[in-house]
Amino acid sequence: MQTDQLSLTFAALADPTRRSIMTRLAEGEATVSELAEPFAVSLPAISRHLKVLERAGLIVRIRDAQWRPSRMQADPLDDAVEWMQSRKRTWEARMDRLDAHLSRKENTDE
Amino acid sequence: MSDPTPTTPDQVVLITRFFEASREAVFRAWTDPDELAAWYGPAHMDAPRERIRIDLRVGGRWELTMVQRGGTAEFSIGYDILELVEPELLVMRSDPMPGMDSHEPTVVRVEFHDHGAKTRMTLSDGPYPTGSSHAAAGWTAALDKLATTVAA
């Protein structure tokens with residue numbers, strides 16, 4: 001995964017309204033009006049948020065349906081989480097080897 | 001990025017470990033090339049002693065190359081040493097690593113805390129790219145929550 005895609009994903013999720021939209025979409029498809037319901041913002045404002053999420057690849061909007069419902073795309077999200085977790089795993093594994101190295105040294109020194 | 005120290009925990013990898021060794025010993029394992037060669041590389045790679053170069057001072061360099069065991073792949077990493085308090089603290093800023101999708105430098109901060117016969121080592125590595133400086137707040141929690149929801 002490219003950093004640019006990660007940047008888009010993270011930037012898209014930086015906004016609380018967009019995170020709420022994603023949480024709602026995790027439960028299933030929804031139209032713009034359904035998504036706008038819990039928020040005190042206009043439909044065009046929600047549409048703008050959806051565009052950001054769509055550009056980040058986090059949702060798709062179904063073009064041929066009358067109300068163009070939005071649907072969650074999990075891949076970029078999983079990639080973003082996976083990327084941070086892989087950095088953490090690398091360090092954890094390295095620390096295991098440091099631990100083994102220090103134990104070996106301790107035994108050699110005694 | 002003007003401030004090299006990661007201040008937002010959401011963007012950094014954080015690790016805490018206890019080691020059964022003095023902090024001098026743990027600090028040495030990080031800063032003595034002979035010792036680094038013995039442990040640093042991933043399981044399938046070696047960090048050959050002759051390709052480790054450490055100039056242990058603030059403004060100095062910490063460099064090594066990992067070489068695939070039984071293969072030809074290799075991967076070099078380099079850091080500028082930003083802070084150094086022997087045997088308590090080592091702070092280093094990475095060179096950009098395009099091969100690892102790390103185009104921006106990250107800062108590795110290693111603290112060595114004295115617990116008698118043991119050492120508590122804390123490591124932070126980051127910040128990892130978030131696209132904007134405003135992106136940090138709460139995204140890890142949001143991602144975890146969403147990932148859990150998706151997996152359910």
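Two strands are said to pair if DSSP finds at least two bridges between them, and the strands themselves (E, at least two residues), like the helices (H or I, at least four), are DSSP runs numbered from the N terminus. This is a predicted model, in which local features need pLDDT of at least 70, side-chain atom pairs count only at pLDDT 80 or more, and totals for chains, interfaces and linings use all residues. Residues are numbered from 1 along each chain as its sequence is written, while chains are lettered from A and ligands numbered from 1 in the order in which they are written.

**Both chains**

Colour by chain to begin with, and select chain A, where there are 5 helices and 2 strands that run α-α-α-α-β-β-α from the N terminus on. Of its 110 residues, 26% count as buried, a residue being buried if 20 or more other C-beta atoms, placed from the backbone, lie within 10 Å of its own, exposed if 12 or fewer do, and partly exposed in between.

Select chain B next, which has 3 helices and 8 strands in the order β-α-α-β-β-β-β-β-β-β-α from the N terminus on. Buried residues make up 32% of the 152 residues in chain B.

**Confidence**

Among the elements of chain B, strand 3 (residues 53-54) has the highest mean pLDDT (97) and helix 3 (residues 139-151) the lowest (43). Over residues 130-152 of chain B the pLDDT is below 50, and over residues 1-9 of chain B it stays under 50 as well. Where pLDDT is low, the predicted coordinates should not be read in detail. For the model as a whole, the scores are ipTM 0.71 and pTM 0.59.

**Helix 1 of chain B**

Select residues 23-31 of chain B, which form helix 1, and show the side chains of Arg23(B), Val26(B), Phe27(B), Ala29(B) and Trp30(B), which are buried. Seen down the axis of helix 1 of chain B, the buried residues fall within an arc of 155 degrees (taken over the directions from the helix axis to the C-beta atoms), so they line one face of the helix.

**The strands around strand 4**

Move to strand 4 (residues 61-68) of chain B, which pairs with strand 2 (residues 45-46) of chain B in the antiparallel sense over 2 bridges; here the bridge partner of Met45(B) is Gln68(B). Strand 3 of chain B also pairs with strand 4 of chain B in the antiparallel sense over 2 bridges, with Glu63(B) as the bridge partner of Arg53(B). The hairpin of strands 3 and 4 of chain B has 6 residues between the strands, and in it Gly59(B) takes a positive phi near 90 degrees.

On to strand 5 of chain B, which runs antiparallel to strand 4 of chain B and is joined to it by 7 bridges, Glu74(B) being the bridge partner of Val67(B). In the hairpin of strands 4 and 5 of chain B, with 5 residues between the strands, Gly70(B) takes a positive phi near 70 degrees.

**Two loops to finish**

Select Pro87(B), in the loop between strand 5 (74-85) and strand 6 (89-94) of chain B, where the peptide bond from Glu86(B) to Pro87(B) is cis, with omega near -5 degrees. Most residues other than glycine have a negative phi, and most peptide bonds are trans.

Finally, select Ala117(B), found in the loop between strand 7 (107-115) and strand 8 (118-126) of chain B. Ala117(B) counts as exposed because it has 10 C-beta neighbours inside 10 Å.

Technical notes. pLDDT = per-residue confidence, 0-100. Contact = placed C-beta atoms within 7 Å.
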